[in-house]
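Subject: Structure handover

Hello,

Here is the structure for you to look over. My notes follow below it.

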Amino acid sequence: MVLDRLQQLTHQVNATAPPPHPFDPLSTSEIEAVVALIRKEYGNVNFNAVSLYEPRKAEMMAWLADPETAPRPARKADVVAIAPGGKVHDGIVDLDQKKIIQWQHTPGVQPLITMEDLQEVEHIVRKDPKVIEQCEIIGIPKEDMHKVYCDPWTIGYDERFGTDVRLQQALMYYRPHVDDSQYTFPLDFCPIYNAETKQIIHIDIPPVRRPLSKAAPNNYHPESVEKEGGYRNDLKPINITQPEGVSFKMDGRIIDWQNWNIHVGFNYREGIVLNNITYNDKGNVRPVFYRLSLAEMVVPYGNPEHPHQRKHAFDLGEYGGGYMTNSLSLGCDCKGAIHYMDAAFVNRAGASTIVKNAICIHEEDAGILYKHTDFRDESIIVTRGRKLVISHIFTAANYEYCVYWIFHQDGTVQLDIKLTGILNTYAMNPGEDTKGWGTEVYPGVNAHNHQHLFCLRVDPNIDGPSNTVFQVDAVRGPGEVGSAENKYGNAFYAKKTKYTTPLEAMSDYDGFTGRTWEMANTNKLNPYSKKPVCYKLVSREVPPLLPKEGGLVWKRAGFARHAVHVTKCELPHIWHL
Ligand code: ABN
């Protein structure tokens with residue numbers, strides 16, 4: 001049976017013409033072909049991820065430069081699977097050769113927690129006698145256990161349990177009615193769940209108990225909002241119409257818009273991945289970025305009391321920004337003329353799944369692009385700007401992250417992340433002192449201080465792969481007022497410091513100098529300024545990682561210790577951010 005299915009699937013993969021672009025995410029039939037190969041060889045494993053094993057950069061650059069004659073990079077899949085006994089395996093499958101080329105047991109590490117992993121915890125929590133006992137202690141009778149909910153988070157690290165067990169910490173809540181917001185009724189204890197044995201192995205109970213709050217529920221569902229007076233109705237409609245259609249063209253997953261050319265990929269972890277971004281500068285196709293993605297984020301919470309130190313979510317690496325992506329709907333999530341793309345994943349049983357309309361591509365008016373009035377005769381030149389937005393939205397338990405990759409006509413690339421959803425909350429007693437670690441946002445509800453730190457991975461290709469990174473600070477010129485070199489004291493300039501090692505490049509934002517960073521091609525000079533062509537990285541007004549050096553979050557969130565890190569990439573003499 002397995003063999004028949006494999007033959008059928010690999011036949012389907014081969015029969016699809018033309019072949020997928022090497023950056024394209026795996027299709028459902030490719031995922032199924034990979035699963036069949038692994039099943040045939042290794043039997044009953046649970047799949048955690050099957051996604052594109054991206055072509056190595058050197059090979060891919062050679063193919064992009066000369067797709068007619070350079071060898072086409074092999075189509076490979078990256079596989080993460082959990083074998084019986086919780087044995088985590090990492091594999092690579094060559095889809096062209098229909099061969100498993102790597103299969104490694106990786107003890108001591110855990111892959112991310114999938115939505116399926118998350119969903120089973122609540123059922124087990126509700127039936128666990130020790131959890132029921134804790135609920136009764138804080139005022140929830142056992143008949144009401146169906147009103148008890150949990151957001152299972154990965155445990156991250158807890159020295160009591162080691163790293164070989166696949167554990168989740170269940171953040172507990174209560175909903176008087178199924179549509180009420182559970183974040184109004186946080187519970188004060190935290191069960192620890194073992195995903196392998198499907199058992200609650202421990203419960204963290206605070207020394208001071210916080211009985212279930214008696215405050216009125218909050219309910220954000222439309223019916224409930226209607227009962228409370230309804231939504232605002234004093235807004236007149238805004239219609240977005242593009243009577244002649246959109247101004248971008250799609251060729252498979254490659255988008256062409258206003259001289260920009262971009263491959264739009266997607267994976268379970270990062271969500272949108274943009275590759276081979278070029279700009280056609282009056283007929284000269286200039287490479288700009290090889291790859292852009294939101295690679296990780298960390299959300300440390302600031303309450304030092306046990307066990308809140310464990311509350312620091314890595315929402316991409318621990319849960320998957322792609323796996324948590326929403327199916328978007330026209331008129332609500334996206335307005336106007338939309339091009340949607342679906343996303344394909346594997347489930348635990350090895351079946352392929354699809355999230356319809358996972359990526360939204362559309363244009364928006366961008367206000368004024370350029371304006372100048374000649375004050376002499378009031379002659380005015382004004383042009384209207386347009387932007388291209390490539391977006392997806394993912395739900396990480398309480399929060400929604402709306403990720404917008406925005407391309408502008410002036411060459412700017414902007415990553416805009418909008419946070420919405422509901423705050424993560426913890427219980428507090430009436431009159432309890434939050435000690436400044438949180439804010440009472442509703443009776444009995446303590447919203448702990450937290451940060452959202454995003455990790456943007458930038459692989460620049462500014463007029464070619466040989467790029468250098470400079471730190472740029474706005475500083476005053478030397479020389480005292482009255483001196484020959486700075487007589488009136490008004491000298492200032494952009495001080496550029498070249499980074500030569502990864503250590504030097506570990507740098508932070510400086511509000512005093514308005515620090516930015518330049519990714520430059522020093523072999524190509526602007527004809528007028530005679531300075532290297534570059535892209536400026538702007539990341540500002542963000543406090544650094546607030547958890548202390550040497551502490552748990554600091555150890556785990558290496559990327560967040562500094563605003564910018566620069567490392568050399570696989571090609572010799574090339575750096576990426
Ligand atoms: N923010 C932590 C998280 C994300 C997804 C699911 C559960 C918990």
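Lys524 has a relative accessibility of 32%, so it counts as partly exposed. Please keep in mind that this is a predicted model.

Salt bridges

Lys524 pairs with Asp463 in a salt bridge, with 3.2 Å between the closest N and O atoms. Lys524 sits in strand E26 (residues 516–525). Asp463 is in the loop between strand E23 (453–460) and strand E24 (468–476). The pair therefore ties together parts that are 61 residues apart in sequence. Asp463 is at 16% relative accessibility, so this residue counts as buried.

Some salt bridges share partners. They join Asp117, Glu120, Arg166, Lys198 and Arg348 into one network. The count of salt bridges comes to 32.

Another of them links the side chains of Glu270 and Arg291, at 2.8 Å from N to O. Glu270 lies in the loop between strand E11 (260–267) and E12, and Arg291 lies in strand E13, so this pair ties together parts that are 21 residues apart in sequence. Glu270 and Arg291 are both buried.

Asp342 and Lys356 also meet through their side chains in a salt bridge, at 2.9 Å from N to O. Asp342 belongs to strand E15 (residues 339–346) and Lys356 to strand E16 (residues 352–374). The two are 14 residues apart in sequence, so the bridge ties those parts together.

Most residues other than glycine have a negative phi, and most peptide bonds are trans. A few places here are worth a look against that background.

Lys198 has a positive phi, near 55°, and is not a glycine. Lys198 is placed in the loop between strand E7 (190–194) and strand E8 (199–204). With a relative accessible area of 37%, Lys198 is partly exposed. Lys198 is also a member of the salt-bridge network.

Lys282 has a positive phi too, of about 50°. Lys282 is found in the loop between strand E12 (271–281) and E13. At 82% relative accessibility, Lys282 counts as exposed.

Which residues does the cis peptide bond join? The bond joins His306 and Pro307, with omega at about 5°. Pro307 lies in the loop between strand E13 (284–300) and strand E14 (312–313).

Best wishes

Key: Residues are numbered from 1 along each chain as its sequence is written. This is a predicted model: local features need pLDDT of at least 70, side-chain atom pairs count only at pLDDT 80 or more; totals for chains, interfaces and linings use all residues. Side-chain values use heavy atoms; hydrogens and water are left out. Helices (H or I, at least four residues) and strands (E, at least two) are DSSP runs, numbered from the N terminus. Buried means under 20% relative accessible area, exposed over 50%, partly exposed in between (1.4 Å probe, protein chains only). A salt bridge is a side-chain nitrogen of Lys or Arg within 4 Å of a carboxyl oxygen of Asp or Glu.
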